[in-house]
Amino acid sequence: MVPSFRLVPSFKSESRIRILYRSLQARRCSSRSCQNEPHVSTADPKYAVGRIGNFSQSTQRRLLYALPFAMAVSAGACLVGFEPQTSGCEANETPRVGGKGSTELVMKGSHKELPKGFLDELKAVCGDRVILDYDERYFHGKPQHSFHNVVNIPDVVVCPMSTEEVSKIVEACNKYKIPIVPYGGATSIEGHTLAPHGGLCIDMTSMKNVKALHLEDMDVVVEPGIGWIELNEYLLPYGLFFPLDPGPGATIGGMCATRCSGSLAVRYGTMRDNVINLQVVLANGDVVKTASRARKSAAGYDLTRLLIGSEGTLGVITQVTLRLQKIPESNVVAMCNFPTIKDAADVAIATMHSGIQVSRVELLDEVQVHAINIANGKDLPEFPTLMFELVGTEAYAREQTLRVQNISKEHHGFDFVFVETPEEKEKLWKMRKEALWANLALEPECEAMTTDVCVPLSHLAEVIARSKAEIDSSPLTCPVIAHAGDGNFHTVILFNPEKEEHRQEAERLNKFMVDAALLLEGTCTGEHGVGTGKMKGNPSSYTI
């Protein structure tokens, strides 16, 4: 039986600095959980707060301190202790990722059949929104944009409509020790939606309402299942927008869970900079709110930032208050080609150093441009390319465009063009946003292993040049695309999973780039999150 824990009252005193340290340490041991779109694997006996599996005793206690920390203890509040108890979930062997040289999830465990009492409680909460159909369960258990293998699928899928329903669902899972994997847009590419122990999938996409819009405060309160594209369509008549733009289909809850960003992060920051507060269901079913609607606060721990990027290890996000921005008066989209990818990266760095107000600086290598041409029937010059977006007044945006053009010329740039009509700008960014699908169409028999390294801006040109040299000598097709303004770049390694030599080569390239980034004080994931794919190898690579 797998050891587990439950909350009991405790009056033991311990400094909050130590609790904070333990809470942060917990992330090192509990990075696996939900997916890009949902928000927590609350009751998974191996990975969830409150029911930790075959970790060491000291690791378990570090993990479990994250829960009372997330309960917003204030000055004078008593701490919470834990008492061991036996979990109802059985496993013959702890699930693990197959080490540094393997992409496969190794699973030899098993999951317990759902108790009838549990299903009865679910039906009492959700009625006919409890789904047992195999095809639906398989769809929810298989990553949609990831090469990671499906070992088990959820035993049941539920579609809650409110925070109250989520709380009751999680409380029931806590009672029966049922693993949970919430689910949203399923746009993650690191195997976040895998359900290695079966259990329960909470489909959050029915919770997609805008709860309140505060025009004077420029913030909005939304449920987690709403997509960022749908939210911006709602905000458009008010002259406002939410500036983060990850992959099409991503939902706000999952964006919080993975601390995502996107092409606009160079100007507006990542998810942590654009969330004011969260409403969260903890592992025992309790509902907490992390902060007020004030734009800043010095009242104790910053619980909002703790939960953003926690990938479901601390709670199920059921409501989010977001900062909004005014739609810029004018913007210009410019493109320029370069003889080498290092020249393009150098221009991105020089542009940022110049103080020019760019909102996007995207880099595409010649292979990526080739894929876009084929997918969209275009004839763009197939050279390393930079795409810029510059915002402000019409006169200012044009002035900054000329400055960017001059910087590009200094670094051997050619074919500098820019567009200003909404239709042309939308077409260009649409092609960029759909780059992953263009790459998959380039090699239909292949799957994509996507790197996500991020380095300090000053090291971007070096790490891209080193990676590109390694890629060019590989037999695999590997388009490169980067958020060059903040040091984050992706290589889409296309490999045939049926060919072991392809899989090994993909792993080698992936490891090469991660190691190169770590040596330059970077990280293995700038915006995709840990999920399954980033768990293997040196733990320091995904806790930095």
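This is a dialogue on reading selected features of one predicted model.

Trainee: What should I know before reading any values?

Mentor: This is a predicted model, in which local features need pLDDT of at least 70 and side-chain atom pairs count only at pLDDT 80 or more, while totals for chains, interfaces and linings use all residues. Residues are numbered from 1 along each chain as its sequence is written, and side-chain values use heavy atoms, with hydrogens and water left out.

Trainee: How many helices and strands does the protein chain have?

Mentor: Helices (H or I, at least four residues) and strands (E, at least two) are DSSP runs, numbered from the N terminus. The protein chain has 17 helices and 24 strands.

Trainee: What share of the residues count as buried?

Mentor: Buried means under 20% relative accessible area, exposed over 50%, and partly exposed in between, with a 1.4 Å probe and protein chains only. Of the 544 residues in the protein chain, 58% count as buried. For contacts, the criterion is heavy atoms within 4.5 Å. Of the contacts in the protein chain with a separation of 6 or more, 74% are between residues 24 or more positions apart.

Trainee: What is the strand order in the open sheet of 4 strands?

Mentor: Two strands pair if DSSP finds at least two bridges between them. In this sheet the order is β7-β8-β10-β9, and the pairing is mixed. The edge strands, each pairing on one side only, are β7 (130–131) and β9 (180–183). Strands β9 and β10 (residues 200–203) run parallel and are joined by 4 bridges. Within that pairing, Pro 182 has Ile 202 in β10 as its bridge partner.

Trainee: Which strands does helix α5 lie across, and which does helix α6 lie across?

Mentor: For the angles, axes are lines fitted to C-alpha atoms, for helices over the stretch in contact, and angles run from 0 to 180 degrees between N-to-C directions. Helix α5 (residues 134–141) lies across β7, β8 (156–158), β9 and β10, at about 80° to β8. Helix α6 (residues 163–176) lies across β8, β9 and β10, and its angle to β10 is about 170°.

Trainee: How many aromatic pairs are there in the whole structure?

Mentor: Rings of Phe, Tyr and Trp (its six-membered ring) pair if their centres lie within 6.5 Å; planes under 30 degrees apart count as stacked, over 60 as edge-to-face and the rest as tilted. A search of the whole structure gives 5 such pairs. One of them is Tyr 134 with Tyr 138, a stacked pair at 6.1 Å centre to centre with 25° between the planes. These two residues are 4 apart in helix α5, so about one helical turn separates them. Tyr 134 is partly exposed at 47% relative accessible area, and Tyr 138 is partly exposed at 33%. The pair of Tyr 234 and Tyr 238 is tilted, because the ring centres are 6.0 Å apart and the planes are at 45°. Tyr 234 is partly exposed at 34% relative accessibility, as is Tyr 238 at 39%.

Trainee: Which charged residue sits over the ring of Trp 429?

Mentor: A charge sits over a ring if NZ of Lys or CZ of Arg is within 6 Å of the ring centre and within 35 degrees of the ring normal. Here the charged end of Arg 360 is over the ring of Trp 429, 4.4 Å from its centre.

Trainee: How many disulfides does the structure hold?

Mentor: A disulfide is a pair of cysteine sulfur atoms within 2.5 Å. The structure holds 0 of them. The closest cysteine sulfur to that of Cys 126 is in Cys 159, and at 7.7 Å it is too far for a bond. Cys 126 is buried at 3% relative accessibility, and Cys 173 is buried at 0%.

Trainee: Where does Cys 159 lie, and what is it in contact with?

Mentor: Cys 159 lies in the loop between β8 and α6 and is buried, with a relative accessible area of 11%. Leaving aside neighbours within four places in sequence, Cys 159 is in contact with Arg 129, Ile 131, Glu 165, Asp 203 and Ser 206. Cys 159 and Tyr 183 are 24 residues apart in sequence, with their C-alpha atoms 9.5 Å apart.

Trainee: What is the phi of Ala 186, and what is that of His 412?

Mentor: Most residues other than glycine have a negative phi. Ala 186 has a positive phi, near 60°. Ala 186 is in the loop between β9 and β10 and is buried, with a relative accessible area of 5%. His 412 also has a positive phi, about 70°. His 412 is in the loop between α13 (394–410) and β21 (414–419) and is exposed, with a relative accessible area of 52%.
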